[in-house]
Structure formats: structure tokens, C-alpha cells
Amino acid sequence: MFSVHMLNCLSERYLAGRYHTQTGNTLVTLNPFKETGHFDVHMIHRYHSNQKAHPPHVFRVAETALSNLTRRLDKINQSIIVSGESGSGKTWNARCLLKYLTTVAVCNPSGFTPSPADCIERRILDSNPILEAFGNASTSRNHNSSRFGKYIQLQFSRGNHVVGASIQTYLLEKTRVVYQFDGSRNFHIFYQMLFGANEREMRNWLLPNVLSSDNLNYVPLNHSEGACNQKDKQDFLVTKQAMSNVGLSRSQQQELFKVLSGILHLGNVEFISDDDVTGPCEIDCEKQGVDTSVNAAAQLLGLDVDALTRCLAFRQITASHKRRKSVFMKPCLKDECHTRRDCLAKLLYARVFDWLVGFINGCTMARSWQSYIGLLDVYGFESFSFNSLEQLCINYANEKLQQHFVHNFLKAEQDDCQSEGIPWKFEDFTDNKTCLDIIEGNISIFALMNQQCKLNRHSDPSSFCEFLHDTISSSNLSRAHMSVISPAFVVHHYAEKVTYQVDGLIEKNKDGIPAELVDLLRISSKKFVQQLVDADVTSLHNPSKTKGKKTTFTVVSKFKNSLDSLMATLYETTPHYIRCIKPSLECQPDSFDNVHVINQLRACGVLETIQISATGFPTRMLYSDFLKRYELLIRSNSEDVKDLDTKSKCAVITNLVLAEADKENKMKSFLFGKTKIFLREGQLDKLEVARLKEFNLSAGVIQIWWRKILATKSKQETAVVIIQAGFRGWKVREDVKRRHEAARVIQYAMIGYSIRLHQCKLDEQLNELNSDEFADSDVQECIDEQSQQNNSILTEGILSAVSLDNDPHDSNLSVIRSSKCSKEVEDQDKRDKFTSKEVENQDKRDKFTIKGIEDQDKRDKFTIKGIEDQDKRDKFTDKSINEIEEPENVNNNYRIQFHENGNLNCNSGRSEGNTIVNIEQKDGDEISQKKSSNEQCGTHKPIASEHQNGRRVKEEPVNQGTTTIINKFVQVATTPAVDIAFGIVLLGLLYHGPVRL
């Protein structure tokens with residue numbers, strides 16, 4: 001009843017377009033035999049983001065394996081085992097798994113384009129079309145059947161990123177190169193070459209241009225399969241591109257295809273024998289194309305035609321007696337020549353396949369890696385009308401995989417629960433251990449076959465079949481049905497009974513490679529051909545021995561050793577199972593055969609898996625491992641668990657996370673054993689979600705504090721910048737202030753020094769002038785007038801610089817100039833009278849006059865500059881305004897009065913004391929100058945305010961501090977030699993303000 005429900009469920013899902021069904025820890029996938037669009041990149045990203053939110057799929061299995069690898073629970077390394085009979089879709093599903101893992105587990109931290117991970121992914125994926133072209137073939141049940149087994153190991157770094165891959169192959173069916181059953185074809189690569197190569201490549205490979213069924217014996221052609229031939233043409237382009245992507249150069253590809261073409265030409269080599277049995281066989285040159293094929297094969301393989309013919313027609317026999325060793329050549333029979341020809345073809349193809357696998361591994365294997373996920377894709381269970389050694393080995397491999405599944409899941413589940421004291425309802429399941437014992441045990445089919453090979457003589461099939469039945473007594477081994485004419489035996493496999501023909505079984509197991517064939521290829525002129533047989537040459541000249549006896553390696557012994565190594569690897573990993581089901585024998589879409597499907601489900605143990613998974617606990621962990629991973633879930637809890645033991649702490653964790661869900665379920669989702677905790681399907685994901693939430697909370701707290709630290713640091717840096725800016729500004733201001741003070745001190749010292757220096761020069765000039773004796777007093781008066789004129793000009797510049805008004809061009813300056821001009825007219829009349837006297841002293845006066853003109857220019861410049869800097873002198877002007885009384889009425893007429901306090905030297909024009917200029921204005925008054933009546937005697941007293949001739953003269957108070965600098969200027973300005981000192985003084989006055997000497 002249970003199997004019927006299961007079958008109905010699969011049938012409904014299949015017809016509804018849902019081809020994947022999860023049964024416990026095993027995924028059952030049915031081959032749709034059409035494109036479904038369920039394997040694109042969009043689906044890859046959907047399952048990678050959230051696998052549980054989507055229906056069962058092969059991508060979900062891949063994501064589960066990757067998650068276990070990341071979590072590093074129990075066994076870190078993972079394996080995905082894809083099994084099923086031929087045509088069930090194993091190769092396609094393995095290809096999808098490889099694409100998923102290489103897509104989601106890539107990393108490009110350096111930003112390269114393309115990234116190193118993309119290059120590795122490209123090479124790994126490109127290895128698939130190469131291996132399928134050289135290792136897959138079309139059978140009566142499957143158009144793309146794997147004729148070899150492969151275990152792809154994806155290598156991951158510590159950061160769980162794909163860094164490389166390695167491929168391990170098992171038992172290539174090389175007999176398919178020389179013989180194919182009805183409805184089968186040779187390996188895909190031969191058809192791709194014949195239908196996909198261009199004319200130039202066909203000429204280089206010496207292949208016939210016109211293809212027919214009689215051209216090539218190894219490749220039977222069927223031109224009615226037009227669609228298949230067109231697909232071969234397209235696949236050949238894909239294969240060549242994949243070869244280039246994995247690193248095969250164009251020259252290497254050409255050498256490889258030449259060897260394949262040479263294999264095809266070897267198949268056309270046929271021999272003919274004379275009536276004399278002891279005579280040697282010769283090439284059948286009378287048959288069309290045979291002679292051409294021999295020459296073409298020898299040319300493509302780099303061999304001598306005669307050497308190739310002699311090696312195929314004669315076999316080497318070595319006879320040794322004590323120390324003597326004799327070697328002679330014995331002619332071969334016709335059948336033996338054909339056998340040796342086929343042996344050479346199989347040897348070349350097998351070595352080409354091995355060389356390709358080694359080259360791909362060299363390009364994709366990582367130097368160092370941390371963990372791996374293995375993808376196992378082996379040939380499915382096979383049963384044909386004629387089954388030989390290849391089918392026996394293939395079915396033996398499937399028996400081993402079934403035993404791994406039974407031991408790892410079914411039997412181990414029950415044994416583990418029993419040892420841990422977990423209540424368990426034992427289920428009956430099929431154990432195939434007895435079947436494996438009759439195949440690989442001490443007294444088994446393999447053991448008897450190897451024994452026959454050691455005899456080194458021809459084996460009779462009937463005798464061996466009887467010997468097999470007499471030696472092995474088991475219910476899993478029986479005789480063939482009476483309808484089978486040839487000797488055969490029947491093995492009861494876990495899937496079904498299979499009849500194996502004994503004819504040719506022992507010869508295939510020997511797999512003997514004549515030494516002369518290896519030596520022939522060793523002396524080839526092609527280095528590539530020599531490279532192919534390097535390993536054979538080494539083993540031929542250095543045979544391994546055990547206790548003095550030569551060890552014989554047969555096909556089954558080699559295959560058993562490699563398969564044992566594979567199973568040891570699988571037992572060290574966490575397995576994930578994908579059972580591929582072939583829905584019908586017709587291989588047509590939407591065709592579902594109930595009988596065929598239920599037989600496959602029962603054979604592969606899916607029915608027992610469902611029953612055990614429904615009541616079992618697929619996840620089990622030691623208490624220590626469980627607590628180590630999920631202890632953080634109770635750290636944030638207020639409950640005190642410090643004094644609890646490990647088991648009690650695990651109970652606290654499960655109660656916190658899983659107790660709520662158990663209230664709604666009839667069955668408890670977890671149980672505690674003696675050393676392990678048992679979890680039902682899906683409970684581990686809940687624990688992982690809770691653990692992830694706790695990580696997110698902790699990460700949030702860390703981010704908050706870290707951001708606070710960054711903000712505090714930023715504020716501190718801002719404050720430091722402000723403090724630094726304030727301190728630097730204060731320091732600059734203090735430095736500028738100190739420099740200004742130093743400049744003022746230097747200016748004061750320079751002004752004093754300049755005044756003293758020019759005063760000395762002035763005294764010297766005055767002394768020179770006083771020493772000159774003038775004959776006439778008028779001349780002396782003229783000189784005095786000239787000095788007075790210079791004094792008036794200087795006074796005019798000073799008045800302009802320290803003007804009481806803001807406008808430097810007011811009428812005061814005009815009054816001064818008008819008075820000066822009238823005075824010069826009166827003096828000119830006097831100088832005209834004494835012209836004759838002045839001529840005598842003209843030279844001295846010319847020098848004095850020129851120098852005075854030069855000084856006048858400098859004083860004019862100074863006056864202009866003083867006007868421009870009027871604003872800076874406003875402070876000094878305001879101070880002077882308070883000391884000078886402004887006249888009541890101001891008109892166009894002005895009066896200038898000099899009040900002199902002190903003595904006036906008339907001869908030299910120098911005045912001592914203080915002088916204040918007072919400007920008064922009255923209507924209709926003329927400008928006049930009042931001087932003290934005591935001027936004649938050289939003394940002067942302050943004059944009180946009085947009226948003279950209608951003019952009012954006011955006494956002005958003298959401000960001692962204000963008039964000090966002006967008196968100094970007047971004292972030194974009697975000669976033009978004061979320009980430098982005067983400029984320096986006024987420059988400092990304009991820049992720094994009033995200077996007090």
C-alpha cells in the first residue's frame with residue numbers, strides 16, 4: 001500500500017512538471033527528457049538566497065552540502081552521490097551541481113576582470129564537454145551514456161570559495177573503441193571529428209572526404225540519422241573551444257586528433273593468411289583501402305610501415321633457462337593479428353583519455369585547499385542481452401554504492417539509535433552484502449577470474465562456467481536459463497537479475513599489452529605518442545614483484561582497488577544522495593511507466609528510506625559539539641546554567657528554540673541519547689536561524705559601540721583642530737606684535753642717527769657759507785632771502801601734511817603760495833640792482849640753487865604722498881585741532897602771523913624755540929605778517945591780543961608737545977640736505993602714526 005501511494009505521488013508530480021521529490025535525506029529526480037528551464041542562473045541565485053523557501057531541487061541539495069561545509073559540523077567534507085540506471089539523467093544532474101557550486105562559491109577580492117575564480121570555474125565547467133566527448137557514447141537505452149566513472153572533487157579555501165578541482169576516473173570502457181553492440185555507437189569524439197571537421201582538417205588527419213558505412217570499421221555510420229549528425233557537428237565546435245579554454249594549444253589539439261585518426265585507420269587494417277598455418281600473415285592489400293589505411297596509420301602515429309606490419313603479424317616469445325635468455329618471433333594467426341591490432345587501438349585511446357584527464361587536473365587543481373565537496377557520477381545499473389566484463393564491473397560499482405547507502409543511512413541509523421538507547425521501531429531493508437561477497441570475496445567471481453588469468457593459457461568458457469558454479473554456492477548466484485545457448489551465469493543484484501556471458505570474459509580481464517607494441521610506440525617519431533606510453537615503458541622495464549614473483553594486474557583487480565579507494569573517501573565525508581529515475585524505457589517526454597519506476601524505487605532502497613526518515617532522526621551530534629556551536633543561545637538568557645553539565649545545557653538550548661514547536665506536534669523533534677542528541681529533519685535549520693539572530697544582535701551591539709567610538713574620536717579631532725588653530729593664531733599675532741615693536745625701535749634709532757648725521761653736514765655747509773666774505777650786504781640779504789624762501793616752502797609742505805582740514809587742496813595752500821609770489825617780486829627788484837655782484841659768486845649759488853631744486857622735487861613728492869595718506873594722519877590732525885583756534889570768519893583774504901618764542905638768528909635764518917602758525921580771516925583785510933618789535937635784537941616775547949591798523953592779532957597758546965616735531969623740522973630744513981632723514985621720519989609717521997621723539 002505504501003509503495004502505491006509513493007508511486008501515485010511521483011506520477012502526479014511528474015505530469016504536473018515537478019520532477020524533484022524529497023524523500024528523507026534522498027532526493028528523487030525523474031528525467032523529463034526535455035528542456036524545462038529549471039536550471040538557469042536565476043534559479044541558482046534563488047536557491048542560494050533561501051533554499052528552504054523553494055521546492056525540492058538538485059540546487060537545494062548542493063546548497064545543503066555547501067551550508068554543511070560552511071558550518072563545519074561533524075564531517076566537514078561533503079559528497080553528493082548521483083546514482084541511477086543508464087538514461088536516468090545522472091550526467092545532466094552532475095553537470096548542474098557542478099555549475100551551481102562553481103557559481104555561488106566564487107570570490108574576487110582584487111577586482112580582476114575576469115576574476116581568478118571565474119577562470120577556475122570556466123576550466124572546471126569546460127572539462128565536462130571534453131570528458132563527455134571522450135568518455136560518453138550512445139547505447140540502446142541512453143544517447144549520452146557515461147562509459148566511465150568520475151569523481152570530481154571541488155576544492156575550497158578557508159573562506160569557503162572554490163579554488164580548484166581534481167577529477168578521478170574509473171574503468172573506461174575501452175572495448176567500445178573496437179566493438180559496439182547493435183543500436184550502440186562508438187565514443188562521441190569520433191563522430192564529432194568526422195562530421196564537424198572542415199576540409200583542411202580532414203586532409204591533415206588523412207580522413208576520407210566521402211563517408212560511407214564501408215570506410216571505417218571502428219565507426220559504423222548511419223546517414224539516416226541526420227539530426228544526430230548535425231548535433232555532432234555542433235558539439236565538435238564546443239569540444240574544440242573547451243580544449244582551448246582549459247589550456248590545450250592548437251598544436252596539441254592537432255597531435256591529439258591525429259592519434260584519434262590513426263586509431264580509425266588501424267581499424268581498417270586487415271590480414272590474410274596462406275593455406276600453410278605456420279606461415280606469417282600478410283596485409284590484405286587486395287581489399288580496397290587497406291593499404292592506404294596502413295600507410296595513413298603509420299604516418300599519423302609516426303611509425304615505420306614495415307615495423308608496424310611486423311609488430312602486428314609477429315609476437316615475441318622469450319624463453320629463459322637459468323642465466324640464458326632467448327628471444328624469438330613467432331608468426332601470429334589471422335585472429336591473433338586482429339586481436340593485436342585492436343589491442344594497439346585500445347591502448348592508444350586509453351592513454352589519450354588518461355593524458356587528457358591529467359592535463360585537466362594540472363590546469364584546475366589547487367596548490368593548497370582546506371576542504372572539498374565531491375561529486376560522484378558513475379555509470380548506472382546495466383542489463384543488456386549480452387553482458388560481459390564491462391557490465392559486471394559497472395553493476396559491481398553500483399552494488400558498492402548501494403551498500404554505502406544502506407550502511408551509512410539505513411543500517412547505521414538503526415544501530416546508532418540502539419546503542420544510544422533511543423526508542424526505535426526497526427524496519428526491514430534489503431542488505432546486499434551477500435551479493436557483494438560472491439563478487440569480491442575470497443572465493444568469488446573476481447578471485448576465480450584472476451586465478452584463470454595467472455595460468456597464462458587459453459580458458460574454455462564452458463569449463464570456467466562449471467568451475468564457477470561448483471566453487472561458489474550462494475543464493476545470489478545461479479545458472480543461466482536454458483534458452484541461453486552460450487555459457488553464462490546469473491547474479492542476483494539488488495536491482496534485478498543479470499545474465500553474464502563467459503565467452504571472452506577471461507581474455508578481457510587479462511588486458512594484456514604485448515611488450516613489442518609498447519616498444520613500437522616508444523620509438524615513434526612523434527613526441528606526443530612517446531609521451532602517451534611513458535608509464536607503460538616504465539612498468540614494462542621495472543615490473544613490481546611480491547616475494548620474488550611477478551605481480552599480475554588484471555582489469556577487475558585494478559578496478560576493485562580504485563573503487564575501494566573511492567569508498568574510503570566517501571565514508572570520510574557527509575553523503576548526500578540523489579536517486580535518478582528513468583520514467584519509461586521509451587525515453588520520451590510525459591511518458592510514465594509505473595512498473596518500471598516502482599522497480600527502480602524498490603531496487604535503490606528509496607521505499608525503505610522514506611519509512612525510516614519518517615520516524616528517524618537524520619541529524620545527530622555529540623553533546624560537546626552541539627554545545628560548542630549553540631552555547632551562545634543561552635549566554636543571553638537570564639537563567640543561570642553555570643553549574644549544569646553538558647547534557648543539561650543542551651536541554652536548555654533545545655527547550656529555548658524547539659520547545660514551542662513540539663507543543664503542536666505529536667512527535668518530539670529531538671531526543672537525548674547517552675552521548676548524542678538526535679534531531680528530526682528541519683530542526684537543525686531552526687537552531688541555525690536562532691544562532692544567526694544572536695549573531696546579528698551581537699553584531700549590532702558591536703556596531704553601536706564602534707560607531708560611538710568613531711563619533712567621539714571625530715569630535716576630539718575637531719576640538720584639537722580648533723585648539724591648534726587658536727594657538728597658532730595667537731602665536732602669529734604675538735610674533736607680528738613683537739616684530740612691529742622691533743621695527744619701531746629700529747625706526748627711532750635710524751631717525752635719530754639720520755638727523756644727527758645730516759645736522760653735522762648742515763653745520764659744515766653753514767660754516768663754509770659763513771666763512772665766505774661777501775663784499776656787499778645785499779648779497780648777504782639775498783642769501784637770507786633764499787634761506788627764508790626755502791623755509792617757507794618747507795613750511796608749506798609741513799602744513800600740507802598736517803593740514804587742519806581734510807581737503808589737501810583748500811584755499812590755505814593758495815594763500816601761502818600767493819604770499820610767496822608777491823615776496824619774490826619785491827626781492828627780484830633788489831636782486832637786479834646787485835646783478836654785477838652776484839656774478840662773482842655765481843658758481844657757489846648755482847650749486848646751491850641746483851641742489852635746492854632737487855630737494856624741492858623730493859619735497860613735492862613727499863607732499864603728494866602725505867595727501868594720499870591723509871586718513872592715517874587724521875589722528876595727529878585731530879590732536880592739533882584742539883590746540884589751534886579757528887577764525888570766526890573765513891573769506892578769500894588770509895593773514896599769517898608767526899609767534900616766535902626764543903631767539904631768531906637773522907644771519908643764518910635759523911630760529912630757536914617754538915613756532916605756531918595762526919591763520920585769521922577778516923572781510924576786506926589784506927594779508928600781513930606781524931612780528932615782534934623785539935625782532936631786531938634777536939629776542940621775542942609773547943604778544944598780547946591787540947588791534948593794529950584795523951586788523952586783529954590774536955595770541956595763540958603754544959602747545960609744547962605738539963610743536964616739538966615741527967620745530968625740529970624747521971631747524972633742519974634750512975638747507976636741502978635733509979631729504980633722506982625727512983622721508984624716513986614721515987614714512988614712519990604714515991605707517992605707524994605719530995612718533996614722539
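## Surroundings of histidine 57

A polar atom of the histidine 57 side chain lies 3.0 Å from the backbone nitrogen of phenylalanine 59. The model in which this contact occurs is a predicted one. Histidine 57 belongs to the loop between α2 (41–49) and α3. With a relative accessibility of 3%, histidine 57 counts as buried, because the limit for that class is under 20% relative accessible area.

When neighbours within four places in sequence are left aside, the contacts of histidine 57 are His20, Leu27, His38, Phe39 and Tyr47.

## The seven-stranded sheet

An open sheet is built from seven strands, with mixed pairing and the order β1-β2-β18-β3-β12-β6-β7. At its edges stand β1 (20–23) and β7 (162–170); each has a single partner strand, so one side of each is left without a neighbour in the sheet. From one strand to the next, the twist averages 20 degrees.

Within this order, β3 (residues 78–84) and β12 (residues 371–377) are paired in the parallel sense, over five bridges. Leucine 376 in β12 is the residue that stands opposite isoleucine 81. Strands of a sheet pair through backbone hydrogen bonds, in either a parallel or an antiparallel manner.

Strand β13 and strand β14 (residues 488–492) run antiparallel and are joined by three bridges. Serine 478 has valine 490, in β14, as its bridge partner.

## Nonpolar cores

The largest nonpolar core comprises 108 residues. The members that touch the most others are Phe134, Ile189, Phe190, Leu256, Leu260, Ile263 and Tyr349. Helix α12 (residues 334–364) supplies the largest share of this core, namely 14 residues.

Leucine 256 illustrates the contacts of one such member. Apart from neighbours within four places in sequence, leucine 256 is in contact with Phe134, Met243, Val352, Trp355, Leu356 and Phe528.

## Salt bridges between separate helices

The model contains 27 salt bridges. Side chains of opposite charge can pair when their charged atoms come close.

In another salt bridge, between lysine 508 and glutamate 390, the closest N and O atoms are 3.5 Å apart. Lysine 508 lies in helix α17 (residues 505–510) and glutamate 390 in helix α13 (residues 389–420), so the pair ties together parts that are 118 residues apart in sequence. Lysine 508 counts as partly exposed at 28% relative accessibility, whereas glutamate 390 is buried, with a relative accessible area of 12%. Salt bridges that share partners also join Arg147, Glu173, Arg176 and Glu382 into one network.

Lysine 231 and aspartate 235 form a salt bridge in which the closest N and O atoms are 2.8 Å apart. Both residues lie in helix α8 (residues 226–246), where they are four residues apart, about one turn of the helix. At 48% relative accessibility lysine 231 counts as partly exposed, and aspartate 235 counts as partly exposed at 21%.

Definitions and conventions. Residues are numbered from 1 along each chain as its sequence is written. This is a predicted model: local features need pLDDT of at least 70, side-chain atom pairs count only at pLDDT 80 or more; totals for chains, interfaces and linings use all residues. Side-chain values use heavy atoms; hydrogens and water are left out. Two strands pair if DSSP finds at least two bridges between them. Helices (H or I, at least four residues) and strands (E, at least two) are DSSP runs, numbered from the N terminus. Axes are lines fitted to C-alpha atoms, for helices over the stretch in contact, and angles run from 0 to 180 degrees between N-to-C directions. A nonpolar core is a set of buried Ala, Val, Leu, Ile, Met, Phe, Trp, Tyr and Cys residues joined through side-chain atoms within 4.5 Å. Buried means under 20% relative accessible area, exposed over 50%, partly exposed in between (1.4 Å probe, protein chains only). Contact means heavy atoms within 4.5 Å. A salt bridge is a side-chain nitrogen of Lys or Arg within 4 Å of a carboxyl oxygen of Asp or Glu. A polar contact is a pair of N or O atoms within 3.5 Å; within protein, one must be able to donate a hydrogen and the other to accept it, and residues adjacent in sequence count only if both atoms are side-chain atoms.
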